[in-house]
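My notes follow in the order in which I took them.

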Amino acid sequence: MKPFAVIGTAVLFCLVGVAAPAYAQQGHEQAKPEQKQEHTQQQPRTQQQPHAQQQSRGQQQPRGQQQSRGQQQPRGQQQSRGQQQPRGQQQPRGQQQPRGQQQPRGQQQSRGQQQPRGQQQSQSPGGNRGENMAGNRENAGRHPTPARTVSLKGGGSASLRPNGQILSINRNGMQIQRNLHGGRTVVSERSGARIVTTGRGNGYVQRAYVTRGGRSYYSRTFYEHGAYRVGIYRGYNYGGYHYYGYYPGYWYGPGFYGWAYNPWAAPVYWGVGIGSWGWGGSPWYGFYGGYFAPYPMYSSAAFWLTDYLIAANLQTAYADRAEANANAAASYDQGASNYGNGGGQAANSGPVMLTPEVKQAIAEEVKAQLAADQQQSSGGQGASPDGQALVPAPANGEVPPALDPARRTFVVDHNIAVVSDGQECELTGGDVITRLTDTPDADQNVAASVSASKKTDCSAGKQVSISVEYLQEMHNHFEEQLNNGMKALAEKQGTGGLPKAPDTGTTASDVPLPPPDTNAAKDLTDQQATADQAEQQVKAETTVDPDRRQ
């Protein structure tokens with residue numbers, strides 16, 4: 001009997017030795033869900049994930065359905081480089097497929113289907129509705145999370161993301177749009193005024209102003225942080241849609257524009273500390289130090305203005321991030337856990353940077369705008385950008401500057417949600433995109449490529465669908481910032497190593513600046529309160545009856 005006992009003990013030892021590593025492995029993964037898998041433990045091509053590695057709620061596949069290439073694993077189970085899953089299994093979140101590696105046929109969503117959590121299509125007022133997915137109808141109903149559009153009591157409707165976040169509300173002529181990290185834009189038109197709120201007490205009120213040469217001009221009264229400022233915007237009627245382009249209220253002399261455009265006699269060295277840019281020690285500069293570095297020297301004012309523009313947008317992005325964090329603590333918050341960092345990656349958190357090639361593209365846009373401004377300033381009052389006398393606008397409208405074939409590069413001025421491969425992602429202030437198409441689709445969207453981004457969900461190289469309205473507002477902000485930069489140059493020229501400029505005096509344009517609309521602050525506050533009430537109603541109704549759909 002003794003030999004049989006020895007043999008039995010040996011067999012038992014072998015069985016325990018085989019089972020123990022597997023049990024230890026599973027227990028280790030459950031205790032540390034963010035530990036990356038080893039190369040020797042990759043799943044076979046057709047093997048389903050074990051229970052401990054299943055997708056998170058809202059991202060699970062229908063029963064019996066395996067993951068396709070275009071579907072993601074939950075965060076925290078990403079594989080390190082060199083340990084990727086075999087072909088046929090999904091890449092981790094944050095390591096999206098390069099452009100051109102789309103989902104296999106038969107696994108794409110139809111236009112009416114809902115995206116998984118964090119991947120919902122945008123339905124902005126500008127029309128970012130993901131129409132590039134319109135033809136993908138082959139597997140309707142295979143994704144477990146349906147779209148949710150609910151009718152509101154008293155009229156109107158609301159669209160909700162799968163995680164319960166409000167995406168948009170349309171009620172009584174007011175459109176509310178929420179981005180992915182809590183930011184909110186509210187637009188309404190009443191009594192001849194277009195009212196746009198972009199934050200607590202911030203926004204603008206636009207009204208018809210004057211008509212010159214058959215063209216309509218509008219005044220915008222901005223109210224931001226307790227202060228008024230006024231801008232002029234020219235109307236464009238294109239493709240049945242109205243767009244508004246920035247129009248300067250004054251011009252510098254042609255010589256000053258030429259001084260800014262042409263190379264200087266010697267390069268100018270301009271640091272970030274006191275006496276130059278003055279950014280040293282600024283929180284925004286420290287936060288985005290891994291993304292943006294100013295030129296070490298400037299051969300012309302165009303490059304100085306390029307850094308000025310980028311820095312201004314990054315400061316806006318930092319402010320947007322702070323506001324998103326504040327919104328997360330406000331009473332109308334949708335859930336702080338849904339917002340992420342709200343403003344991109346911090347400095348040195350990843351290999352993200354604004355490349356010299358992208359900065360050169362921005363500098364070329366600056367030069368082109370300086371040349372256009374020089375021509376218009378030399379053409380006298382009532383001149384068009386080509387220096388010719390104004391003629392009545394054509395009956396079919398004019399192409400807005402955002403669709404000018406000569407203008408391709410745009411610097412993002414604030415947080416916006418766009419659509420890439422049928423999924424939402426977010427661009428933030430200081431990101432850069434390049435427009436790829438000139439003709440909008442039926443929803444007035446065009447295709448663009450992300451040239452530089454601080455975040456991984458809208459990473460560089462992605463192709464996105466973006467509304468012409470968004471692009472036009474980016475261009476408006478670009479022109480306004482360029483004017484502000486020229487004003488700063490006029491004040492600093494001849495000091496700190498900058499060469500002395502020609503006459504920096506200004507002349508009022510043919511459309512002078514109007515006085516501010518002193519009712520703007522009240523209009524914006526009232527609209528903000530109405531939007532708060534609408535969101536509270538949506539949350540109350542969808543909480544009571546979460547399955548009610550339109």
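In which sense do β2 and β3 pair, and over how many bridges? I kept in mind that this is a predicted model, and I found that the two strands pair in the antiparallel sense over 4 bridges. One residue I followed across was Ser157, whose bridge partner in β3 is Asn170.

Next I looked at the whole sheet, which is open and consists of 10 strands in the order β1-β2-β3-β4-β5-β6-β7-β8-β9-β10, with antiparallel pairing. At its edges I noted β1 (148-151) and β10 (241-247), each of which pairs on one side only. From one strand to the next I read a twist that averages 20°. Helix α6 packs on this sheet, where it touches β6, β7, β8, β9 and β10, and its direction makes about 10° with that of β10.

I then turned to α6 itself, residues 468-492, and checked its length: at 1.5 Å a residue its 25 residues should span 36 Å, and the end C-alpha atoms are 36 Å apart, which agrees. I also noted that 18 of the 25 residues of α6 are buried, so the helix is largely enclosed by the rest of the structure. After α6 comes Gly494, which has a positive phi near 85°.

Last, I went back to the loop between β2 (157-160) and β3 (166-171), where Arg161 is found.

Technical notes: Residues numbered from 1 in each chain as written. Predicted model: local features only at pLDDT ≥ 70, side-chain atom pairs only at ≥ 80, totals over all residues. Heavy atoms only, no water. Expected span 1.5 Å × (residues − 1). Buried < 20%, exposed > 50% of the residue type's maximum accessible area, 1.4 Å probe, protein only. Pairing = 2+ DSSP bridges. Axes fitted to C-alpha atoms, helices over the stretch in contact; angles between N-to-C directions. Contact = heavy atoms within 4.5 Å.
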